[in-house]
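Here's a quick briefing to read alongside the model. Have the sequence and the coordinates open before you start.

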Amino acid sequence: MKFRIAPSILSADFGRLGEEVKAVIEGGADLIHFDVMDNHYVPNLTIGPPVCEGIRPYASVPIDVHLMIKPVDRIIPDFAKAGAGIISFHPEASDHIDRTIALIHEHGCKAGLVFNPATPLDYLDYTLDKLDLVLLMSVNPGFGGQKFIPSVLPKIREVRRRVDAAAKITGREVWVEVDGGVKVDNIAEIAAAGADTFVAGSAIFGTNDYSKTIADLRSRLPAQ
Ligand code: DX5
Ligand code: ZN
């Protein structure tokens, strides 16, 4: 399995965002996780398409846009134009989930569906064949620096089971990404549960040496 580390720039220094993006990529980041919050779907307000466009020259890896906004559809073309490679959204925030997935694809991006800790996996029943990514929240969305919720581990196992079963039929690869409270000391058990893509915000940007921290995270993963 290929593992990916996706630093969340929510915990970066916003005054030096371009440099921060460059530094984590030099340190070995596979994706740049870009958290979009609207003070409506979640109780916090962050960054939008102009900032995505602003970091684009520094981002030599795909920008992984995590939309925590409601509604979602209006802004999707703007993010695609601003350089997003992946766009993920929460099913509760879209009135027409199938339409939103199609819209993301029409704009040339990979599409992901995001599950809050208490959101049932039923939303995968009629969507998995169209998704490129399943993003499991291991904290309630809205803030960086929260504690990993361990009850998400069996949920990761169940998603891995469904994704592998579907891949046997379709041959399509669907990434299983985990977001919230991922650290050097728990990334191994999250990987063992079946995740292949790991978002880490405070665990990376809260340290001085991003290269070393990303290498430490990777050292806890099975050999690739
Ligand atoms: C939370 C965000 C996360 C957050 C993760 O709502 O979606 O991406 O930045 O931060 P850490 O890794 O600090 O939990
Ligand atoms: Zn996120």
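This is a predicted model: local features need pLDDT of at least 70, side-chain atom pairs count only at pLDDT 80 or more; totals for chains, interfaces and linings use all residues.

Residues are numbered from 1 along each chain as its sequence is written, chains are lettered from A and ligands numbered from 1 in the order in which they are written, and side-chain values use heavy atoms, with hydrogens and water left out.

- H33 in strand 2 (residues 32-37) and D179 in strand 7 (residues 175-179) link distant parts of the chain, 146 residues apart. Helices (H or I, at least four residues) and strands (E, at least two) are DSSP runs, numbered from the N terminus.
- Both H33 and D179 are buried. Buried means under 20% relative accessible area, exposed means over 50%, and partly exposed is in between (1.4 Å probe, protein chains only).

- Eight strands make an open sheet in the order 1-8-7-6-5-4-3-2, with parallel pairing. Two strands pair if DSSP finds at least two bridges between them.
- Strand 1 (4-7) and strand 2 are at the edges with a single partner strand each, so one side of each has no neighbour in the sheet.
- On average, neighbouring strands of this sheet are turned by 25° against each other, direction ignored. The axes are lines fitted to C-alpha atoms (for helices, over the stretch in contact), and angles run from 0 to 180 degrees between N-to-C directions.
- Strand 5 (residues 110-115) runs parallel to strand 6 (residues 133-137), joined by four bridges. L113 sits opposite V134 in strand 6.
- Helix 5 (residues 152-170) packs on the sheet and touches strand 5, strand 6 and strand 7, its direction making about 170° with that of strand 6. Contact means heavy atoms within 4.5 Å.
- Strand 4 (residues 84-89) is also parallel to strand 5, again with four bridges, and F89 stands opposite L113.
- Why does strand 5 count as largely enclosed by the rest of the structure? Five of its six residues are buried.

**Salt bridges**

- The whole structure has 18 salt bridges, each defined as a side-chain nitrogen of Lys or Arg within 4 Å of a carboxyl oxygen of Asp or Glu.
- R4 and D196 form one at 3.4 Å, N to O. The pair links distant parts of the chain, with R4 in strand 1 and D196 in the loop between helix 6 (187-193) and strand 8 (197-200), 192 residues apart. R4 and D196 are both buried.
- A network of salt bridges links R4, R160, D164, E173 and D196.
- R172 and D132 also form a salt bridge, with their closest N and O atoms 3.7 Å apart. R172 is partly exposed at 27% relative accessible area, while D132 counts as buried at 18%.
- In helix 8 (residues 210-219), D216 and K212 lie four residues apart, about one turn of the helix, and their side chains meet in a salt bridge (2.8 Å, N to O). K212 is partly exposed at 48%, and D216 is partly exposed at 27%.

- Most residues other than glycine have a negative phi, and most peptide bonds are trans.
- The peptide bond from K70 to P71 is cis, with omega near -5°. P71 is in the loop between strand 3 (63-68) and helix 3 (76-81).
- N39 is not a glycine, yet its phi is positive, about 55°. N39 lies in the loop between strand 2 and helix 2 (49-55) and counts as exposed at 53% relative accessibility.
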